[in-house]
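Here is a colleague's note for someone opening this model for the first time. Please keep the structure in view while reading the points.

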Amino acid sequence: MVQTETIGYAENKEIIARRIARFFKTGDVVNLGIGLPTLVGNYIPKGVTVILQSENGVLGLGPSPEPGMEDKDLTNAGSLPATILPGGAFFDSAFSFGIIRGGHVDFTVLGVLEVDQEGNLANYKIPGKMIPGMGGAMDLVVGAKKVIAATTHFEKSGQAKLKRSCSLPLTAVKEVDFVVTDLGVFEVQDGHFLLLEWFAPYSPEYILATCDADIVVAPDCKQAELD
Amino acid sequence: MVEKPILTAAQAAELVQEGTTVQVGGFLGCGSPDKILAALLARHLHNLTLVCNDTAVYDPRTGRINGVAPLILDKAFSRVIVSHIGTNAETQRQMNSGELCVELVPQGTLAERIRAAGYGLGGILTPTGVGTEVEQGKQKLVVDGRAYLLELPLKGDIALIKAKKADKSGNLIFSKSARNFNPLMAMACTVVIAEVEEIVEIGQLDPDFIHTPSLFVDYLVQ
């Protein structure tokens, strides 16, 4: 293993969010998780219109309200004040998870504690240390058509979050389709990560050397473009 | 149509006894019946069981607190059945110290279990949680080659819910994302108390736009 290095944390998150936003096409229904995944909404490319679903009962979630325009009855799934776009709709929690579990969400973007090459995701619990609960994550990962795991590549300890096999309690089994980190874009395929793109200043060689998982470099692997 | 009693929040809180299972609407405090919860807090009851999406928000650093969180701090509950406790530091503390039993349920499963109770179903089959800790102790069934967990109905003694508007018969209209679990809980509990912002005469609500019909509501609080 070579020494891992990262550039600024916030900057890394922005890169991840900007790249994920390029997955979507107009009309896609997208659910963004709390934290880093929420940032994705800031970088939807011009000309692309996605429909944001929020599990607390909103389709067509809009941007944060202007200060002073907050509505106590309208928040996002992270309890922050929200808005709804023209044409949006509200519904109860059973209906909301009918949308999610029923396969009517095109993409869900979620945070990561660990993700492995089988597509298993762990993101809701570190036994004995941090147990926030799964919230809607288990339903989202099982129900969405495509699952994108969004994460900085390394933990603060320097360990890659991409694993051969998750050791933490799983959120769902074999459901992750893509992993986007500040190093690259990976597709989960038949027991390995397929490296599709890498971010400068890194390289496929650096990614292979710093990650203890089976990673195959795609034949057409290229440097990621953000704009 | 029969008019429903309109209670004060304090009178509503009197209906809750130690040992009661209360289902409380709200999503991180949005859509919770705050007046009833404040009156319940004033009674300082213990050994209640809570069914709610979450244990609301309590952040000691910012002082932000909402929904059921003050009741958590007052140790009103011996057991909570929720999908998320990550925004209430006190819930985690009481869980770790053994003071509070926390049963974590995936949010969609929680909604369906409450719905199943109200709809008279013996349970629901969901793929959520298969292969995770959530499947422990549950029946697993394979339907058309896909594995599902049998999740059982979740009833309550008293629903404490929040709506925007009611007529005097108890027809309810919820507001925006404050709807969340409220209409589900109205069908799943023996006694249903709805805190509302506005009460209008019977006949003034368009029957096409009523979210919860009056038959489910026992008391109104304004």
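1. Start at L45(B). It lies in the loop of chain B between α2 (34-43) and β3 (48-51). Helices (H or I, at least four residues) and strands (E, at least two) are DSSP runs, numbered from the N terminus. L45(B) counts as buried because it has 20 C-beta neighbours inside 10 Å. The cut-offs are 20 or more other C-beta atoms within 10 Å for buried, 12 or fewer for exposed, and partly exposed in between, with C-beta atoms placed from the backbone.

2. What does L45(B) touch, leaving out residues up to four places away in sequence? Its partners are V16(B), E18(B), L40(B) and A76(B). Contact here means C-beta atoms, placed from the backbone, within 7 Å. L184(B) is 139 residues from L45(B) in sequence, and their C-alpha atoms are 25 Å apart.

3. A word on provenance. This is a predicted model: local features need pLDDT of at least 70, side-chain atom pairs count only at pLDDT 80 or more, and totals for chains, interfaces and linings use all residues. Residues are numbered from 1 along each chain as its sequence is written, while chains are lettered from A and ligands numbered from 1 in the order in which they are written.

4. Confidence comes next. pLDDT is the predictor's confidence in each residue, from 0 to 100. Chain B has a mean pLDDT of 98, and 100% of its residues reach 70 or more. For the complex, the predictor gives an ipTM of 0.97 and a pTM of 0.96.

5. Now the whole chain. Chain B contains six helices and 14 strands. Of its 222 residues, 52% are buried. Its C-alpha atoms fill a box of roughly 50 × 45 × 30 Å along the principal axes. Among contacts between residues at least 6 apart in sequence, 74% join residues at least 24 apart.

6. Look next at strand β11 (residues 156-167) of chain B. Nine of its 12 residues are buried, so β11(B) is largely enclosed by the rest of the structure. Strands pair if DSSP finds at least two bridges between them. β11(B) runs parallel to β2 (residues 21-24) of chain B, with three bridges; V22(B) stands opposite I158(B). β13 (residues 189-200) of chain B also pairs with β11(B) in the parallel sense, over 10 bridges. There, A163(B) faces V196(B).

7. One antiparallel pairing of β11(B) is with β12 (residues 172-173) of chain B, over two bridges. A166(B) has L172(B) as its bridge partner. The two strands form a hairpin with four residues between them, and G170(B) in the turn has a positive phi of about 105 degrees.

Key:
Two residues are in contact if their C-beta atoms, placed from the backbone, lie within 7 Å.
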